[in-house]
Amino acid sequence: MFQTDLGRADTVLAALEQKRPEVAAHSRRVAAYSVTLATQFGLADEVIETIRLGALLHDVGKLLTPSRILEKPGRPNAREWQELRIHPELGCEICHRSGFDDDVLAIVLHHHERCDGSGYPDRLANPAIPYTVRIVSVMDTFDALTSSRDYRDRLSVPAARTLIARSAGPKYCPWVVSGLLALPVEMLQPGPHDADASGPVRTLEGPAVLPMAGLLQFERPLSGALQASLC
């Protein structure tokens, strides 16, 4: 079944690769990061495969986003932002028609939701956001921060982790952020031929302070290895 799902995912990604190669490359990195974290958390194989598929497909809705928005050399304006914000719903429809199950669709639809309800498209809040979605959401943000854009330099791995950790609780699940902080830096490096990983790197001042009290709000315990690394 997983092989069939991966085959369908490859078919969809091939279309994304042809029309939006930079989005496809981002999706593959997010999938790799998400699977790495899910594996370190000790999640079941079938859950990891759901996370892999959801991460690979999370931005497929951008197939239908106008090129003038995605290729604009700068930040989108308010009207363009509204068009961009519907890509999770478009992606969910594409994946539904392609035969993916509800757990994968949830990742595609909700990867921009935030724990305080400030995300989109449904303004879900903790604890309504599935933990599979939370993992992909954090790693999606991590890859976006560590990738170059026309309007900004990429962040270093430590700087990206610092920025995400500062929003643990309100935006990002503290359980997932704790795992991101615990991963060795070498597990968070893009491939040597990744164009988004080149160019100047920005750094941030200050430590990555995680509000550890927020971990108590999430019912899933850390694995022994990650817990030890955080102590």
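Guide: The chain has 11 helices and 2 strands, where helices (H or I, at least four residues) and strands (E, at least two) are DSSP runs numbered from the N terminus. This is a predicted model, with local features needing pLDDT of at least 70 and side-chain atom pairs counting only at pLDDT 80 or more, while totals for chains, interfaces and linings use all residues. Residues are numbered from 1 along each chain as its sequence is written, and side-chain values use heavy atoms, with hydrogens and water left out.

Visitor: What pattern does the chain follow along the sequence?

Guide: It reads α-α-α-α-α-α-α-α-β-α-α-β-α.

Visitor: And how much of the chain is buried?

Guide: Buried residues make up 49% of the 231 residues. Buried means under 20% relative accessible area, exposed over 50%, and partly exposed in between (1.4 Å probe, protein chains only).

Visitor: Let's zoom in on α6. Which of its residues are buried?

Guide: In α6 (residues 87-97) they are His87, Pro88, Gly91, Cys92 and Cys95. Seen down the helix axis, they fall within an arc of 135°, so they line one face of α6; the arc is that of the directions from the axis to the C-beta atoms.

Visitor: What's on the other side of α6?

Guide: His96 and Arg97, both exposed there.

Visitor: What do the buried residues of α6 pack against?

Guide: They pack against α3 (45-57), α5 (78-84) and α7 (102-110), with contact meaning heavy atoms within 4.5 Å. Just after α6, glycine 99 takes a positive phi of about 95°.

Visitor: Switching to cysteines: how many disulfides are there?

Guide: The count comes to 0, taking a disulfide as a pair of cysteine sulfur atoms within 2.5 Å. For cysteine 95, the nearest cysteine sulfur is that of cysteine 92, 7.1 Å away. For cysteine 173, the nearest is that of cysteine 115, 5.4 Å away.

Visitor: Is cysteine 173 buried or exposed?

Guide: Buried, with a relative accessible area of 2%. Cysteine 95 is buried too, at 0%.

Visitor: Last topic, cavities. How many of 30 Å³ or more does the structure hold?

Guide: It holds 2. On a 1 Å grid over the protein atoms alone, a cavity is a set of points where a 1.4 Å probe fits but cannot get out, and lining residues have an atom within 4 Å of a point.

Visitor: What lines the largest cavity?

Guide: Its lining residues include Cys115, Cys173, Glu113 and Arg134. About 50 Å³ of space lies in the largest cavity, a volume being the space filled by probe spheres set on the points, which are joined across faces, edges and corners.

Note on methods
On a 1 Å grid over the protein atoms alone, a cavity is a set of points where a 1.4 Å probe fits but cannot get out, and a pocket is an open set with protein on both sides within 12 Å along at least five of seven lines; lining residues have an atom within 4 Å of a point.
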